[in-house]
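Please read the short report below alongside the sequence and the 3D view.

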Amino acid sequence: MHKEAAIREPLILGDKNYHDITADVVGPIENKAPKAWYVLITIAGLIALWGLGCVVYLISTGIGVWGLNKTVGWAWDITNFVWWVGIGHAGTLISAVLLLFRQKWRMAINRSAEAMTIFAVMMAALFPGIHMGRIWLAYWVLPLPNMFGSLWVNFNSPLLWDVFAISTYFSVSLVFWYIGLIPDFATIRDRMTNKTSKKIYGLLSFGWSGKAKQWTRFEEVSLVLAGLATPLVFSVHSIVSMDFATSVIPGWHTTIFPPYFVSGAVFSGFAMVLTLLLIMRKVMKLENYITIKHVEYMNIVIIVTGSIVGVAYITELFISWYSGVEYESYAFINRFSGPYFWAYWAMMTCNVVSPQLFWFKKIRTSLMATFALSIVVNIGMWFERFVIIVTSLHRDYVPSSWSMFYPTWVDIGIFIGTIGIFFTLFLLFARFFPVLALNELKTILKVSGEKYKREDH
Amino acid sequence: MFDDDHRLLEAAGDLVGQGIRVKEVYSPFPIHGLDPVIGIKRTRMAVVSFMFGLTGLSLALLGMWYFMIQDWPMNIGGKPSFSLLENVPSFIPVTFEFTVLCAAHGMAITYMLRNGTLPGMPAVNPDPRTTDDKFVMEITSEENPTMTSEGLTSMLKGVGAIEINEKEIAVK
C-alpha cells in the first residue's frame with residue numbers, strides 16, 4: 001500500500017468513509033437547489049442573454065460597432081480572447097501536470113478546474129470567431145478544397161497555428177474531462193431513485209460497470225492523456241503568444257513571449273479557480289475536501305507564476321533599452337508614461353505587487369484575503385493583455401497615424417456577456433455534475449484521510 | 001461482496017492461491033495491485049495512442065507538404081516554399097497539434113470501444129452499491145468445476161466477504 005508521511009497534512013478532513021464521500025458530493029445533486037443558486041443563475045443568465053444580444057447586433061451590423069480603428073485593429077476582442085484562454089490553462093495544469101507529478105491534492109479540485117477550462121476556452125473561441133465579421137465564412141480557416149483553384153490556408157501563419165492549437169486543446173480537454181466523469185456518472189446513476197434522472201445519468205455514464213479491466217484501462221488512459229495534455233497546454237499559450245511575437249510590431253516582437261504568456265496563463269487560471277472554488281466549497285459544504293491546505297497550495301502556485309510574470313515584465317523593459325532600437329524603447333516608454341499609463345500601472349500593481357502578499361502565511365491561509373486577491377489578479381491579467389495589445393498598436397511607426405482606442409458599449413457588452421455565459425455554464429455544472437472526482441478521492445482516502453492518518457499513528 | 005478494498009485484495013490472493021479462478025471484480029475505484037492477482041494483463045492503450053500519434057504526425061506532414069509545397073507554393077514574407085525540409089520549422093506547431101489530436105482521440109475512442117462504454121450501453125455491475133462503497137468479486141462455477149457451492153461459500157466467508165449471493169445465470 002502507498003504510504004504518506006505523517007507530517008503531511010491530511011487532504012480529506014473529518015471522519016469520512018467511502019460512502020460519505022459519495023453522499024457529500026452527490027447529495028447536492030439529489031436535493032433541491034438552494035435559493036442562492038436560483039438567484040445566481042438568474043443574474044448570470046440575464047447577463048449572458050445581454051452578451052448574446054450584443055453578439056447578434058455585432059454580427060448583423062458589422063465590426064464597425066466596436067471601437068476599433070485603422071491603427072488599433074485589435075483591442076478588447078483579442079484581449080478577451082487571450083484572457084479567457086489563459087484562464088483555461090489552470091484546469092489542464094491541475095489535472096495533467098499535477099497528475100504526472102503525482103500531487104494528490106489535485107484530486108479535490110481537478111474536476112471543477114477542468115470544467116472551468118472547457119467553459120473558458122469556449123468563451124475564448126467566441127472572440128476570433130466574431131472578429132471575422134462574416135462568421136458564416138469561419139470554415140475558411142480549414143484546409144478544404146475550394147473554388148479558388150483550391151487556395152489553401154497558410155500553414156506558415158501563427159493565426160492558423162492558433163486554430164489548430166485551440167481546437168485541439170478544447171477537444172482534448174473535453175475528452176479528458178469526460179473520461180474522468182464517466183465512473184462518477186455511474187455512481188450517481190446507481191444512487192438515483194427518480195426514474196428520469198436515473199435514465200439520464202445512465203445515458204451519461206455510457207454503461208460504466210467498474211470492472212477490474214475497465215479500471216486498469218481507465219488509469220492508463222488518464223496517464224497517457226495527461227502526458228499528451230501537458231505539452232499541449234504549454235504549446236497552446238506559446239502559440240497564442242506567437243500571434244504577437246512573430247509580427248514586427250515593437251512591443252510584440254520579443255522572444256520572451258512564449259514562457260511569459262504560459263506562466264501568465266497559469267497565474268490567471270489559478271486565480272479564477274480560487275474565485276470559483278472558494279464560493280463553491282462554501283455553498284456546497286465541501287470544506288472537508290477543498291481544505292485550507294488546498295487553498296494554500298494554489299496560492300503558492302500563484303506566488304511562483306506571479307513572480308515569473310514580474311521578472312518577465314522587468315526583462316522586457318530592460319531589453320527594450322538594451323536593444324538600442326528606438327522604436328522598441330519608445331513602445332515601452334509609451335507604455336508606462338504614455339496615455340495608457342494607468343493600464344500599465346494597474347497591471348504592475350495587480351500582477352507583480354499583490355501576489356507577493358502571499359509570502360505571509362496568514363494571508364495565504366486566509367480565505368477572505370485569497371478571494372480578494374484572486375479577483376485582483378484576474379483584473380491585472382486582463383490589463384496585461386490590454387497593455388500588450390493596445391499600447392503597442394496605438395502608436396506605430398508613423399506618428400501621423402497615431403490614435404487612441406475607446407471601447408464602445410458593444411465591446412463592453414460582449415465582454416461582460418461572456419462572463420455571464422461562463423458563470424451560467426459553471427452554475428449548471430455545479431448543480432448537475434459531480435463537482436469532485438469521486439473515484440479519485442476514494443483512492444486517497446486511506447492514505448490522506450484525516451481519520452486514517454490519525455489511526456495509523 | 002466486500003466492504004474494503006484491502007480485504008478484497010487479500011481475499012483474492014488467498015482464493016487464487018487455493019486454485020480458485022476469479023472471473024471479475026467490480027469496484028467503485030481502481031484497486032492497485034489487483035490485476036496480476038486475478039490474471040489481468042497490462043493494457044495496451046498506450047501503444048494504441050502511440051500508433052494514432054504516428055498516424056497524425058505523418059498525415060499532418062503529408063498534408064502540409066501537399067498544400068504548401070506541391071499544389072500551390074506561395075511566397076509569404078519571403079519564407080522558403082519549395083521544399084518540405086526548408087519549410088518544416090514553421091510546420092512544427094501544426095504537426096505537433098495534429099499529432100496530439102489524433103493520439104488523444106484515437107486512444108479515447110479505442111478505450112470506449114474496448115471497455116464497452118458507449119452512449120446507451122447497459123451497465124452490468126451486479127449491485128448498485130459497487131459504484132459507491134462496496135466491492136464485488138464474481139466467481140463462476142464453470143470456471144471452477146471442482147468446487148461445490150457450499151465449499152465456495154465457506155471459503156469466501158473465511159476470507160472476509162460480508163455478503164454472498166448465488167445466482168443462476170443462463171448459459172448462452
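In this predicted model, 53 residues of chain A are in contact with 55 residues of chain B. On the side of chain A that touches chain B, five elements each supply at least two residues: helix H1, helix H5, helix H6, helix H7 and helix H15. Their residue ranges are listed here.

| Helix of chain A | Residues |
|---|---|
| H1 | 18-30 |
| H5 | 158-191 |
| H6 | 195-204 |
| H7 | 212-245 |
| H15 | 438-448 |

H7(A) gives the most to this side of chain A, with 16 residues. By residue class, the side of chain A that touches chain B divides into 25 nonpolar, 19 polar and 9 charged residues.

Within chain A, a pair of packed helices can be described in more detail. Two packed helices are described by the angle between their axes and the distance between the axes. For helix H4 (residues 110-131) of chain A and helix H8 (residues 257-283) of chain A, the angle is about 125 degrees and the axes are 10 Å apart. H4(A) and H8(A) are therefore oblique to each other, and their crossing is right-handed. In H4(A), the residues A:Ser112, A:Ala113 and A:Met116 meet A:Met272, A:Val273, A:Leu276, A:Leu277 and A:Met280 of H8(A). The residues of this contact comprise 7 nonpolar, 1 polar and no charged.

Chain B has a domain assignment with domain 1 (5-40 + 123-158) and domain 2 (45-115). The C-alpha centres of domain 1 of chain B and domain 2 of chain B are 45 Å apart.

How values were computed:
Residues numbered from 1 in each chain as written. Chains lettered and ligands numbered in written order. Predicted model: local features only at pLDDT ≥ 70, side-chain atom pairs only at ≥ 80, totals over all residues. Domains from an automatic or database assignment. Axes fitted to C-alpha atoms, helices over the stretch in contact; angles between N-to-C directions. Helix = DSSP H or I, 4+ residues; strand = E, 2+ residues; numbered from the N terminus. Parallel < 35°, antiparallel > 145°, perpendicular 65-115°, else oblique. Left-handed = near helix turned anticlockwise from the far one by under 90°. Contact = placed C-beta atoms within 7 Å. Nonpolar A, V, L, I, M, F, W, Y, C, P; charged D, E, K, R; others polar.
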